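Hi,

Here is the structure I promised to pass on.

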Amino acid sequence: MGFDYYMNPVAEWIGWFPKHMPREERVLVNKIDWLILVFACLSTWANTLDVNAIYNAYVSGMLQDLDLVGNRLNYLNAVYWVGTIVFQIPSNALLTVVPAEYYIPTCEILWGLFTLGTAFVKNYNQLMVMRFFVGVTSTPCWICNVAILNSWYRKQELGKRNAVYYATWPLGSMFSGYLQNACLTLDGVGGLEGWRWLFIMCTVITIPISFLGVVFFPNVPSRCKSRWLTPREKELAQTRLLEEGFAPSVGLSWKAMRRVLTAWQTWVFFILCNLFWQTPYPSSTPYLLWLDDVIYPAQTAADINKVNNLSTIGAAISVISAMFFAFYSDWRGNRWDSMVMAGVLVVICNVLLLVWNVSNGVKYFAFIALGFCNGPINLCIAWVAESLAHDLEVRTIALAVINMGYCILALVLPLTAWQTVDAPRYHGGYIWSVAISVLELILIPLPMYLDRRDERLGLRKIDLGSVSEVGLEEVSMDLSNSVSEKNEKNGAAVGVMEV
């Protein structure tokens with residue numbers, strides 16, 4: 001018998017396909033990986049590349065050319081996040097009614113065009129306008145892709161797929177540094193500085209990826225019209241999620257918004273996720289400016305190349321970390337212990353940077369180790385998706401609310417705790433990082449307790465009546481039959497035990 005890719009023992013060993021998964025379902029999951037995961041990863045990689053390009057451009061000539069003195073880099077960062085915050089919740093609300101396969105790629109084309117516009121700005125004010133609209137149009141990328149991605153997989157599959165998806169973020173940051181070094185060789189070509197070529201190349205990469213979304217990207221399972229999935233596969237996609245406790249879409253309404261506001265997951269994870277996401281922050285811009293100001297202050301062409309290359313190491317470490325913690329957390333069947341392990345290391349690193357009076361080698365270790373702690377931050381999303389599996393609308397909007405908190409902090413913190421004029425010491429920033437690192441560890445047990453309470457009280461059961469109301473009568477019947485068969489097997493087993 002020939003080799004069967006779908007029954008590959010290696011895929012079982014690493015946990016990509018659970019051993020008990022039948023071949024038909026493996027074929028479906030493989031298709032989902034190619035249709036959803038690939039585009040989501042490419043889209044977010046391009047978005048991260050475009051958004052982070054400004055930081056590499058800043059240390060590669062933009063500062064002098066556009067007179068970005070003082071805290072102007074912070075203000076550029078702030079105006080980007082203002083655009084993102086304004087459109088955050090409306091964007092995910094639109095996702096529940098507008099076809100995702102057109103909505104996300106359209107926004108990607110728009111942010112690509114505004115990125116192109118950045119290459120031709122003449123002054124700081126024009127750059128501010130471009131950054132605002134890049135923020136507005138790139139809003140659907142990460143949060144909408146997250147919502148779609150977490151609507152197709154079983155709980156045991158979520159950790160790994162979220163890790164692969166998350167890895168595109170640091171990979172985008174890494175590639176931005178490498179691409180800027182390449183673009184420095186184009187300095188003067190066409191009368192443009194090397195940093196301007198960086199934004200042009202980002203656009204050349206971004207636009208073609210958007211068309212892949214139009215062709216291949218499906219919507220959520222209950223609204224999927226993809227030509228690449230058979231009717232049987234679309235039905236199976238919904239049935240297997242119902243078996244896992246993931247409810248289908250029942251439509252956006254004011255009742256759904258009320259459920260968002262009253263769900264404990266919205267507010268508990270709003271606080272926990274945003275604290276956890278901010279704790280490794282020094283591994284990003286503070287690390288880049290420390291390299292630029294302390295390690296290579298001469299600003300020769302060779303120094304700029306070294307800064308751009310070394311700034312990617314933390315991102316590379318976080319990719320490895322993300323995959324390790326994803327497989328570990330799926331194997332363990334929970335997300336909290338990975339977050340605790342990373343949280344302890346974060347406290348140690350932030351304390352070292354707060355002390356500051358240590359060798360450059362120790363500082364370097366702290367920055368890189370914080371990059372490693374970036375890895376498990378994607379597990380927050382998997383935890384939210386699992387905890388709100390029973391309500392797709394609440395899950396979608398709650399993810400937007402939680403991410404909006406991240407955007408607000410990304411707007412406020414660089415203007416307060418992480419002002420550019422305080423680089424590289426950032427004394428106030430490191431005090432903040434140590435405080436939230438400790439608080440995050442203290443809060444982790446709270447959602448653990450609330451999850452277990454809801455399970456004990458049976459608060460996460462899907463209403464099969466609502467499944468029928470949205471046109472899934474056959475799927476609902478299949479699920480009922482599946483549950484009945486399991487109950488009969490369990491009853492037979494109990495009878496044997498009694499005999």
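To start with one spot: in which loop does Trp356 lie? Trp356 lies in the loop between helix 14 (336-355) and helix 15 (360-373). Its phi is positive, at about 65 degrees, although Trp356 is not a glycine. As for cover, Trp356 counts as buried, with 15% relative accessibility. Please keep in mind that this is a predicted model.

Now the overall picture. The chain has 21 helices and 0 strands. It runs to 499 residues, of which 57% count as buried. Taking the contacts in the chain with a separation of 6 or more, 81% are between residues 24 or more positions apart.

Two other backbone spots may interest you. Asp67 also has a positive phi without being a glycine, in this case near 55 degrees. Asp67 sits in the loop between helix 2 (23-65) and helix 3 (72-95). Pro424 belongs to the loop between helix 17 (392-416) and helix 18 (427-443).

Next, the inside. The largest nonpolar core has 122 residues, and Met62 and Trp152 are the ones with the most contacts inside it. Helix 2 gives the largest share of this core, 19 residues. There is also a second, separate core of 10 residues, with Val51, Ala78, Ile85 and Leu411 among them.

What does Trp152 touch, once its neighbours within four places in sequence are left aside? Its contacts are Ile32, Ile36, Pro218, Asn219, Val220, Pro221, Cys224, Leu229, Ala237, Arg240 and Leu241.

Asn150 is a polar residue to check by eye. It lies in the loop between helix 5 (124-149) and helix 6 (155-184). Asn150 counts as buried because its relative accessibility is 0%, and the cut-off for buried is under 20%. A polar atom of the Asn150 side chain lies 2.9 Å from the backbone oxygen of Val146. Beyond its neighbours within four places in sequence, Asn150 is in contact with Leu158, Asn162, Phe246, Ile381, Ala382, Ala385 and Arg395.

Trp34, Val38, Leu42, Tyr102, Leu212, Val214, Val215, Phe216 and Trp228 make a nonpolar surface patch of about 790 Å². Which helices each supply at least two residues of the patch? Those are helix 2 and helix 7 (194-216), with helix 7 giving the largest share, 4 residues. One of the patch residues is Val215, which is placed in helix 7. Val215 counts as partly exposed, at 37% relative accessibility.

That's what I have so far.

Cheers

How values were computed. Residues are numbered from 1 along each chain as its sequence is written. This is a predicted model: local features need pLDDT of at least 70, side-chain atom pairs count only at pLDDT 80 or more; totals for chains, interfaces and linings use all residues. Side-chain values use heavy atoms; hydrogens and water are left out. Buried means under 20% relative accessible area, exposed over 50%, partly exposed in between (1.4 Å probe, protein chains only). Patches are made of residues with over 30% relative accessible area and no salt bridge: like charges are joined within 9 Å, nonpolar side chains (Val, Leu, Ile, Met, Phe, Trp, Tyr) within 5 Å. Accessible areas come from the Shrake-Rupley method with a 1.4 Å probe; for residues, only the protein chains shown count as cover. A salt bridge is a side-chain nitrogen of Lys or Arg within 4 Å of a carboxyl oxygen of Asp or Glu. Contact means heavy atoms within 4.5 Å. A polar contact is a pair of N or O atoms within 3.5 Å; within protein, one must be able to donate a hydrogen and the other to accept it, and residues adjacent in sequence count only if both atoms are side-chain atoms. A nonpolar core is a set of buried Ala, Val, Leu, Ile, Met, Phe, Trp, Tyr and Cys residues joined through side-chain atoms within 4.5 Å.
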